[in-house]
Amino acid sequence: MLKYILSLSFLFLFTTDALAANQCSKIFYETSQNDTAVNVVRSLEVLQNKFFQKMSQHSIDDLIKKIKTDRNSKELARSLKALNQNEVHFTMIAPSNARLGIKNEGFKNLHQTKHTRGFDNYEARKSVEASFSNMSKKQFESLPDAVKPKYGLLRTALNSEITSDVPDQYGDDVYTFKKELLENRVTFTIGDSLNSYAYVQEAIEDYNLQLSTVNWLEGQIGKPESWDLAFIPYKYKELIALYATVIKEAYSNTDRWKVKAEGTAHDNYTGHQHNSVAASYDVERVANSPDYIELQFWGEVNIDHVDTFTFRRVPPSGDFLKALKDRNVKIYDARNENYNLDQSKVKIWDEDAESGQQYQTDSARKASGSTGGRWIKDKQGNSWFIKKDVLHPELQTSAEVISSLVYSYFGFNTPETRKEVIRGEFYSFSKDIGNGTMASDLSEFNNSEFRQMRIIAAYLMDWDRIGNPANNRVRPDGSVVLLDFGGTLGARAQGEFKPGKVFSPAIGSFNDGGNTIYASFAPQISADHPWNKINKTDIKNALQKLKALDDGTIVRIVKAAKYTNRDDFRYMYETLVARRDNLIAELKALVK
C-alpha cells in the first residue's frame, strides 16, 4: 500500500533540469524505505541517460547493447563474462565486533552510527553523497537515514579463477549478498566516490579543465558534471567492463581483476594514452580514481540478504552463528598468517573441528595446576593439555605460544604448543611430553646453558620459571622440558596483567624494557642457585644467540600466536625486537 500517491515528476525529481527549475514543491515518499530507495536509483537512471545522450548522442541503453555484443575486444569480453556469470559478488566488510548488531539490526551507514572505520567526517560524507545523488542538501537530508547508502565493493567470487583485493581497514568479516534481492537498489562508482572530487581538483589544477570546484570537506554540495561524478545504477553494470579488466600479475601468475588508472577525460589535454576500450565508446572519466568498484546499497540490508560469510580471524559463534545457519549462509574460513584474504587459501569452515568435536576427553589423565585446564586426545591419539585464558582473551594463550617458541629457539626443550579457538573461546594446546617426569627448580643444573636461561627469562619476563618447579620437568633420561608460559610477557600466572601500562587485553603490560631488562629481573632464588653464578662467558654466549635472533624469526614466532587484532601482532613483534636490541646493549655493557 502506498501512503501517498507518487507525483508524476518523482522519477525526474533529482534530474538536473528538475532541480534547476525547482518545480516540485513536495516530495512524496512511499511507506516502504526500500521502495523509496528504488525510486532514488531510478532517478539516477534518468540522470545517466541525460549524460550519455549529451556525451555520445546515444541513449545509455543503446550503448549497453553495443558493449554486450562487442566481439572485437578479448579484454572487454573477459570482464563482461565476470560480470554476467556470477564471478563477482556484492560484498561488504565489517568488524567482527559488529556481528550481533548486524544480526539484530542489519547493516548501518554513517548517518545511523555516526562513526566508521573509514572516512568519518559526517558533513563531508553527506556533501559527496548528496552531490553524487544529484540532490540538494535539503532533499538529501529529508531521506530517511536507513535509505541513504551503505558502502561495499564488487569483488570476485571465492570460486572464481580470477581474484581481486579486499581492503583491510574496514574489518575482518566479509559478507556477500544475494544479488537478486538487492540489485534494483544498488549503485556503483568506478573507484572510491570520496576520492573522486580530489581527482577532479587535480584535473582542474593540472589540465585546466572547465569543471566546478566543490569544497566537499566543508560540506559544499555540487551538481554532477560527468557520468562518473554521479552514482550509477547497477542496471548499467556493463560500463564497469570498460574500466575493470583482468590482468595477469607476473610475480604471482595470478589473474587479478582491477580498475585501470588511465583513460580519463583530461587525457585529451595531456596526450596520455587512453583506455582504448573506453575511448572506443566515447566513455571516459573525469575522476581518475584507480581504486576498485565501489558499491552503494540503498535502503535496508540485513542478514536475510547474506549469501556467504567469510571470517579472517575469529570464527562465528553463539546467536550469530545460529542466525547464519538458519539462513543456510555458506561460511568460509580465510585465516592465514598474513591476515589478508588470500583467495587460494579460503576454504569452507570446518565447524566440527572448530567446536572441538575432533577431540575427546583423555579420561586417563588428571589435570593439575592453579589455572585450570584439561587433557584431551585428538583423532590421531595424541594427548594435549589445553587451557583457556583466565581473565583476558588471548593474553595467556598467546604468551604460551610465543614464549614456548622463543625458549625453543634458544635450544631449550618445550612441548609443541599452539593456540586454537573452540566454541568462540581461545585455548592453548600443549602436547604431552610423556610420563615419569619430575619437577625441578633447576638448581641441579649448574652449567652454562642453564645459567644463560636467566637472560632469556628476563627477555620474556618469565617471573615464575624458578619459583614454580612444576613448570620444569626432568625426564628419566635427565633432559629438561620447560612448561607453562601463561605467566610470561604481559601476563601474570593467574591471568592478571603485569604492573604497568596495558597496551590491550591481549598484550597486557609488556614494553621494551629500556636499559634494565636483565638488571631489573630479580627471581626469588637461593644464593647458590646456578642462576646466581652466571659469568661473563655465559653472558657472551647468550649475546651471540640474541644477535642471531633476527627480525624474520621474531615475525614467524609472533604469527604463530594468531592474534585476532593486527595491532596486537604489530605491537608484540615491535616490542620483542626492541627488547632484544635493548638487552643486547645492556649485556654488552656488562662484559666490557
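1. Helices (H or I, at least four residues) and strands (E, at least two) are taken as DSSP runs, numbered from the N terminus. On that basis the chain has 19 helices and 19 strands.

2. This is a predicted model, in which local features need pLDDT of at least 70 and side-chain atom pairs count only at pLDDT 80 or more, while totals for chains, interfaces and linings use all residues. Residues are numbered from 1 along each chain as its sequence is written, and side-chain values use heavy atoms, with hydrogens and water left out.

3. The mean pLDDT (the predictor's confidence in each residue, from 0 to 100) is 82 for the chain, with 77% of residues at 70 or more. Residues 1-31 stay under 50, and the model gives them 55 contacts (heavy atoms within 4.5 Å) beyond four places in sequence. Residues 263-274 are also below 50 in pLDDT, with 32 contacts beyond near neighbours in sequence.

4. Of the 592 residues in the chain, 53% are buried (under 20% relative accessible area, 1.4 Å probe, protein chains only). Among contacts with a separation of 6 or more, 71% join residues 24 or more positions apart.

5. Helix 16 (residues 448-460) packs on helix 19 (residues 566-590) at about 140°, the axes lying 10 Å apart. Axes are lines fitted to C-alpha atoms over the stretch in contact, and angles run from 0 to 180 degrees between N-to-C directions. Helix 16 contributes Ile455, Ala458 and Tyr459 to the contact, and helix 19 contributes Leu576, Arg579, Arg580, Leu583 and Leu587.

Methods. Buried < 20%, exposed > 50% of the residue type's maximum accessible area, 1.4 Å probe, protein only.
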